[in-house]
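Biologist: Before we discuss this model, I would like each term you use to be set against its cut-off, and each conclusion to be drawn openly. Could we start from the pockets?

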Amino acid sequence: MSGTERDVALKLRGITKKFGEFSALNGIDLDIFDGEFITIVGPSGSGKTTLIRLLVGMDRPTAGDIFLRGERINDVPASRRPTCMVFQSLALFPHRTVGQNIEFSLKIRKVAPEARRKRALELISLLHLPQEYYDKKVTQCSGGEQQRVALARALAFDPEILFFDEPLSALDFRLRKTLEKELKDIHRQTGKTFVYITHSLEEAMVMSDRIAIMRKGEIEQVGDPDQIYNEPVNRFVAEFMGEVNLFQVRAGGEGRLEATEFDGTFAAPEDGLQPGQEGILMVRPEVIRFLAPCEAADCVLEGTVYNEYALGSRVQYHVRVDGKMLSVEKLREDRYTGDLDSTVLIGWDVEDSRVLAAES
């Protein structure tokens, strides 16, 4: 279901947050749809943690409005909002058991002990923990197990919206990849609205229905993972969303683009430039192929294979073209079989490239 077919759970309009003279957020507009998994991603200092603190009610905006299902909630404290936060630090109660941690919000609501226990055991199962963990001290759990307990505690509160502030960043790679998939599965099972903060591109791509890219207190682009990866609005988004080859170009005649960094021309994609206008041609590494002597492509360059890097199921190559290093990625079964330092032809089809505006 697309975002436009859903009700808006949270609406942000003109959200600004200042700390003295420093502006951490600059007029943020964003709709968060009911039941979606949206990830807000950006480099350190982009404002994403400040934004989530406003959304969860831990702080108030300097200007602008936050609406929860049409109701303005700027001044509603976190304790009175139907939302819950899973912190990077987890904030579990170390002196309590797994079951007691999960049941905490239910106990505050004066839910009967048997009903609390039943709900806790349901969530323990949902989070793939053994039932006997109910009586286990939370300090005896591993990092990944504690992460599951923190999520179960948040779900026990039965919030409309769950916020996550980089909850997987302290875990090792293997466990992080496992929990990424589990979080996405839990999102589907519960149907809750998930708002996730991270600096990790991989987490955003794996889990999200939509991604919002932030930089310097502003949202650069919002879209689904494929859209942002294949159709970035500017150079920052293109580079942030993974390996990319960028060429400084100028529009020539007859649908061609002239490289300004070396001697070369390219076929211009449909979103090309006006004659004489300068811009940036974007080509992802996986769309470039090594060409046989008689093989054709819309755009062809001659270069030298500099090095190769094994990336599991993929292999990345660096190819030097007139001093410019380009990245080419192939599946392992389609890997380049020639020698390093060999002269090669590489190429791509025009529909696999995109023109971005020149940086101001």
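Modeller: The model is predicted, and in it the lining of the largest pocket divides into 13 nonpolar, 3 polar and 2 charged residues. This pocket has a volume of about 480 Å³, and its lining consists of 18 residues, with Thr83, Cys84, Met85, Ser105 and Phe157 lying nearest the centre. At least two lining residues come from each of β6, α3 (104–108) and α5.

Biologist: What makes Cys84 and Phe157 lining residues of the largest pocket?

Modeller: A lining residue must have an atom within 4 Å of a pocket point, and Cys84 and Phe157 are among the 18 residues listed for the largest pocket, so they are called lining residues under that cut-off.

Biologist: How is the lining of the second largest pocket divided by class?

Modeller: The second largest pocket holds about 380 Å³ of space. Of its 14 lining residues, Tyr229, Gly242, Glu243, Arg314 and Glu329 are the closest to the centre, while α7 (201–207) and β17 (314–321) are the elements that give two or more residues. α7 gives the most, with 4 residues. By class, this lining has 6 nonpolar, 2 polar and 6 charged residues; Glu and Arg count as charged and Gly as polar.

Biologist: Why is lysine 17 called buried?

Modeller: Lysine 17 has a relative accessible area of 9%, and buried means under 20%, so lysine 17 is classed as buried. This residue lies in strand β1, and its contacts, leaving out residues up to four places away in sequence, include Phe22, Leu25, Thr50, Leu54, Asp59 and Arg60.

Biologist: How do you know that β1 and β4 pair, and in which sense do they run?

Modeller: Pairing requires at least two bridges, and 5 bridges join β1 (residues 8–19) to β4 (residues 63–68), so the two strands pair, and they run antiparallel. Within that arrangement arginine 13 stands opposite aspartate 65 of β4.

Biologist: Which residues have the most contacts inside the largest nonpolar core?

Modeller: This core has 35 residues, and Ile102, Leu151, Phe164 and Leu183 have the most contacts inside it. Among the elements that each supply at least two of its residues are α2 (98–102), α4 (113–126), β7 (161–165) and α6 (173–190), and α5 gives the most, with 7 residues. Another core, of 28 residues, lies apart from this one, with Ala267, Val283, Val315 and Val328 among its members. In soluble globular proteins, nonpolar side chains tend to be buried together.

Biologist: What lines the largest cavity?

Modeller: A cavity is a set of points where a 1.4 Å probe fits but cannot get out, and the structure holds 1 cavity of 30 Å³ or more. About 80 Å³ of space lies in the largest cavity, whose lining includes Val86, Gln147, Arg148, Leu151, Phe164, Glu182 and Leu183. α5 and α6 are the elements that give two or more residues to this lining, and the largest share, 4 residues, comes from α6. By class, the lining has 9 nonpolar, 1 polar and 2 charged residues.

Key
Residues numbered from 1 in each chain as written. Predicted model: local features only at pLDDT ≥ 70, side-chain atom pairs only at ≥ 80, totals over all residues. Heavy atoms only, no water. Core = buried A, V, L, I, M, F, W, Y, C linked by side-chain atoms within 4.5 Å. Buried < 20%, exposed > 50% of the residue type's maximum accessible area, 1.4 Å probe, protein only. 1 Å grid on protein atoms, 1.4 Å probe; cavity = no way out; pocket = protein on both sides within 12 Å on 5 of 7 lines; lining within 4 Å. Points joined across faces, edges and corners; volume = space filled by probe spheres on them. Contact = heavy atoms within 4.5 Å.
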